[in-house]
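Me: I have a model open and would like to learn how to read it. Please take me through it one feature at a time.

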Amino acid sequence: MTQRKILVTSALPYANGSIHIGHLVEYLQTDIWVRFQKMRGHECRYVCADDTHGTPIMIRARQEGITPEALIANSYAEHTQDFADFEIAFDNYSSTNSEHNRVLCNEISAAMADHTEWLPVEQAYCDTCSMFLPDRFVRGTCPACGLQDQYGDSCDNGDTYQPTELLDPACATCGTAPSRKSADHLFFKLEPFRAFLQEWVPGHTQQEIANKLQEWLDGELRPWDISRPEPYFGFEIPGHPGQYFYVWVDAPIGYIGATREWAEREGRDYKEFWQSEDAEIYHFIGKDIVYFHTLFWPAMLKGAGYSTPSSVFVHGFLTVNGEKMSKSKGTFISARTYLDNLGPMYLRYYYACKLGGGVEDIDMNLDDFIKRVNSDLIGKITNVASRGAQMLYKRLDGQLGSIPKNGTQLLRDAQCRAETIAAHYEAREYSKAIVQIREIAESANRYFDEQQPWVTIKSDPEAARGVMTTVLNVFRTIAIYLKPVLPGYVEKVEALFIEEPYSWDSAQQTLENRAIAAYTHLASRIEHKAIEAIIEASRQAPLEPEPEPEVKIEPIADEVSFDEFMKVDLRVAKIVKAEAIEKANKLLRLTVDLGGEERQIIAGIKQAYKPEDLVGRLTVVVANLAPRTMKFGVSEGMVLAAGEGGAELMILSPDDGAKPGQRIS
RNA sequence: GGUGGCUUAGCUCAGUUGGUUAGAGCAACGGAAUCAUAAUCCGUGGGUCCGGGGUUCGAGUCCCUGAGCCACUACCA
């Protein structure tokens, strides 16, 4: 077989949070694939890095009173430790905030110069917040139709416009009127790559993904804004002080940066992988970042004269017990919490059992997790070694004999599966590989039972030795097939047989007439209490992990005079009718009594309140707000509520005694 | 509402381009075994393949339609 040269990446974890078992689906899927390729004798390099730039890192560091550099250093230490403890073996784990990466960003943007251009963008700028306001952060009146309080780029009637054309614009955060400020932004022109992408996508992504991408490719490919003005934590663009590369530019370039760092350390050239016909490049990613990896990224590489990915492998998300990971249910499990209670092999084995080559979500049912591991990995697989090796060591001097006639077929059957299993690994159909492996273990257990060596050892020890020799050779074959999934476990197997690290071809050898080492315990069952401890610890874990910070406390708005305040007419209202708007995800249609007058109000509180729970309640509404025409009718007021939105919304209630229609002042 | 995806045994999942009687593991039940850190083996039961229609000699598989769930997206004045 010719040796392939393969570069593999996993998506870069953001330096603003801990690794959790959802992330691990990807890193374990990738690690298994890489280990498999290495066992096959190919040159396969696995690189990754912390993704360190962008606004959230900047804000978080500010909150913690440390520099962004200190923040990402902490994250780096934590992430690399978690990965190492899960037996994830990177050839290099870097950081996007490295000098290598900065140099590459500059080189690549220079190489792409024909495809990029600086265009002045007049953008809203908030002096209070000292930042440019993205479209969504500006609200105002539509210049085309006069609708009030619209987003910065389009209104509900479908008119589109520039944020700067908006009448009465206001910063969505602090409410002050933004000024207009012009800044140059760097744009990457994607449209010229349409033909390339049309051709590239189908052969380099999974079918499902290609279908989805076709939607995008059928539409307009707008230029991509790839710079951000300061303040921004990232790489400043050469020759453009105060301008930074957008985080989604330097993140994927981080793949190259990590390769370059590795190459330098090893005395190699990163171009062997990134500017060569001979090498293959594979990106493992989650389905949430398909867009960046299959449109912008290949186009960027193409434009800058680099190799484009051989394939982008997309996987689904992890659910736990059939639903999204949840902090309150204790299923938001960090890598560290898991490791505090269980060894990495169990999760590696379980994910391997569940993973296929598609983009479907996988579910980790904790009950199933325990059963699957205990019955397959311990009961079936490890038991083969345990019952064979212990008897041989204790009662037959630990000496393997020859494979007897009754064992040749069994062993040959196990060995013959090598290419089938290899094909499954190659196609990332790990669950199918595991099924094969489990079948081998079953056949070995069956053989052991049929031959009854525990009986024959008394009358014909050499017959028993032959059975043990067969069973242990079969087990050894299983271990070789399992090595990409369970590297730590298989190291113990290599020690048991006193051998060098296995390659895929090792499965074709037969061990006869030689000694084995004393059997050491390979794996224990998962105890229920370990799972309970994990759940309990996850429930109590600090609420730090995933998305942005926590509760955002907005700055107090600018002072208003009493007269100005009195312009807002707040009234006690009684909700007399409430119904869900079928076609909307978040909206309820309320009818409120304002003391003799009934109004219809459309409120975005569907996810937080059931209509029937609202009927009869008193609450507070803005009564003199201009009516707003929506898709589902006119909303004649606004119900006041606090909270982050979604299900996290709390509407206001007056104390007992308030009457509908009374003014609040 | 739009787009894409999913729905097969109590649980987790296989089911090639349509082709005998729809499979596996776990769980359940019955039995055997006692070498193995309670681990094994044999057997049994268990299914409206989400519902409805259609194409076909033949549909879990293809087409239409409905429902439920998931993701992205729109609606929060």
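Predicted model: local features only at pLDDT ≥ 70, side-chain atom pairs only at ≥ 80, totals over all residues.

Me: What pLDDT does chain A average?

Reply: pLDDT is the predictor's confidence in each residue, from 0 to 100. Chain A averages 84, and 88% of the residues score at least 70. For the complex, the predictor gives an ipTM of 0.87 and a pTM of 0.79.

Me: In what order do the strands of the open sheet lie?

Reply: Strands of a sheet pair through backbone hydrogen bonds, either parallel or antiparallel. Here two strands count as paired if DSSP finds at least two bridges between them. The order is β3-β2-β1-β12-β13, an open sheet of 5 strands with parallel pairing. β3 and β13 (311-315) are at the edges with a single partner strand each, so one side of each has no neighbour in the sheet. On average, neighbouring strands are turned by 25° against each other, direction ignored.

Me: How many bridges join β1 to β2?

Reply: Strand β1 (residues 5-10) runs parallel to β2 and is joined to it by 5 bridges. The chain passes from β1 through helix α1 (residues 21-39) to β2 in a right-handed β-α-β crossover; right-handed means that, with the strands pointing away from the viewer, the path from the first strand over the helix to the second runs clockwise. Within this pair, Thr9 stands opposite Val47 of β2. With strand β3 (residues 92-95), β2 pairs in the parallel sense over 4 bridges; there Val47 stands opposite Asn92, and Ala49 opposite Ser94.

Me: Is β2 mostly covered or uncovered?

Reply: Buried means under 20% relative accessible area, exposed over 50%, and partly exposed in between (1.4 Å probe, protein chains only). Strand β2 (residues 43-50) is mostly covered, with 7 of its 8 residues buried. Helix α11 (residues 344-354) is mostly covered too, with 10 of its 11 residues buried, among them Met345, Arg348 and Cys353.

Me: Is Arg260 buried or exposed?

Reply: Arg260, in helix α7 (residues 247-266), counts as buried because its relative accessibility is 16%. Its side chain makes a polar contact of 3.2 Å with that of Glu107. A polar contact is a pair of N or O atoms within 3.5 Å; within protein, one must be able to donate a hydrogen and the other to accept it, and residues adjacent in sequence count only if both atoms are side-chain atoms. Beyond four places in sequence, Arg260 is in contact with residues including His100, Leu104 and Tyr270.

Me: Where is His23?

Reply: His23 is in helix α1 and, at 22% relative accessibility, counts as partly exposed.

Definitions and conventions. Residues numbered from 1 in each chain as written. Chains lettered and ligands numbered in written order. Heavy atoms only, no water. Helix = DSSP H or I, 4+ residues; strand = E, 2+ residues; numbered from the N terminus. Contact = heavy atoms within 4.5 Å. Axes fitted to C-alpha atoms, helices over the stretch in contact; angles between N-to-C directions.
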